Amino acid sequence: MLIQPIQKLEGSFSIPSDKSISHRSVMFGSLAKGTTHISNFLMGDDCLSTINCFRKLGVNITIEDDTVIVEGKGLHGLTAPDSILDCGNSGTTVRLISGILSGQDFSTTLTGDASIQKRPMKRVINPLSQMGATLEAKEDNFCPMTIHPHKLQGITYHSPVASAQVKSSILLAGLYADGPTTVVEPAISRDHTERMLSAFGATLTREAAAVTIQPCEELYATDIIVPGDISSAAFFMVAGLITPGSEIVIQNVGINPTRRGILDVLLAMGGDITCFNEKEVCGEPVCDMRVRYSKLHGTTVEGDIIPTLIDEIPAIAVAALFAEGQTVIKDAAELRVKESDRIETIYTELTKMGAHITTKPDGMIIEGGHPLHGATVESHHDHRIAMSLAIAACNAQGDSHLEHPECVSISFPNFFELLQTHSELK
Ligand code: S3P
């Protein structure tokens, strides 16, 4: 795909719905008694993978425009699928569903695309095995993975990683356990599971970085309105800040405190971003954001903020290239086990455009202020790498070519249309 330099971005628009919240609404709706209506659902490939898995588990799910209607089966109503469950490219689907399947009375095999088959599953295998399930995986770590359920026992699990996928998998298994289940994280990861499961009637309590769930008789359907995804807004926030003359308004962006790290980092870099119309929708805070071109400066991103912006680091790396001075990203080794090894893919592809980046085992150092030039760059079939490269290319000198751009359909199917509609070419 040809990407040409742009003049500026302008206009007011909304971005796609939150991927994490969309997944969970289908999963919890499927396990609830009654019918859940999910409005503003993200029709991206990952969330469609979740819908397909639950259909195979016997749940009737219909789609009407952007609304998904889930006829819940109750906590014990799922039925054995007649074949392997294909989770596509979606780590959230595999890991959360593993917790649910550990509490059923039938065995299931999960797999996904080439990327999913390389992503570590030991992180859910270990705690779910401690709870009593048996999980057989390729090399004890990779999909295809077969889950043999068992009567589960409540545990206290000290997770070595701050991961909402791991935490959620254990909490979902905890619904089926014989006593309370606690997950303690090294830093607090996104808390959509805790918020939404409470709305469906589960009992959860939090103490600092520890969350406890009580076993549950039933969940009860509740309607969900999904907010816009700050992880998708990220690309337009950065594009607006780095493209001279830009002023945009991004509507209805979720700003949950466990997700808004990018906003805080861009503000700390000198970004002119104003949040307004703040409100709460279905237990999640949302706002509109005005973003204006700004002279950015480098920063250090490390520690407990990392889980709150882990998916936005590729976009932050692009902002750092247009900032004055150095940006240091640390404590982000999790980037190596995302849809691609994002430390390597950010480095390799942006370097082709003239970026000065040094990689570290847990992050990178980015030298800002070196102009980028057009180049042929590769998405590595990673949606967030594709979109980060696109916004960098819009601000490079000369044309770029992006290979495998279609992966944006995972989380942001209309990304290129929106970019084109709200930008002027140079
Ligand atoms: C997600 C959690 C994060 C994130 C992923 C979505 C979720 O992964 O990277 O895109 O919906 O729970 P980890 O929990 O593994 O960090």
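Which side chain meets that of R195 in a salt bridge? In this predicted model, the partner is D191, with N and O 3.0 Å apart. The two residues differ in their surroundings. R195 is partly exposed, and its relative accessible area is 28%. D191 is buried, with a value of 12%; the cut-off for buried is under 20%.

This pair belongs to a wider set of contacts. In total, 23 salt bridges occur in the structure. Another of them links R190 to D311. Here the closest N and O atoms lie 3.3 Å from each other. R190 sits in the loop between β11 (181-184) and α6 (192-199). D311 sits in the loop between β19 (300-301) and α9 (313-321). The pair therefore ties together parts that are 121 residues apart in sequence. Both R190 and D311 are buried.

A further salt bridge joins R336 and E344. Its closest N and O atoms are 3.6 Å apart. R336 counts as partly exposed, at 27% relative accessibility. E344 also counts as partly exposed, at 31%.

Some salt bridges share partners and so form a network. Its members are R119, R190, D311, E339, R342, D382 and R384.

Key: Residues numbered from 1 in each chain as written. Predicted model: local features only at pLDDT ≥ 70, side-chain atom pairs only at ≥ 80, totals over all residues. Heavy atoms only, no water. Salt bridge = Lys/Arg side-chain N within 4 Å of Asp/Glu carboxyl O. Helix = DSSP H or I, 4+ residues; strand = E, 2+ residues; numbered from the N terminus. Buried < 20%, exposed > 50% of the residue type's maximum accessible area, 1.4 Å probe, protein only.
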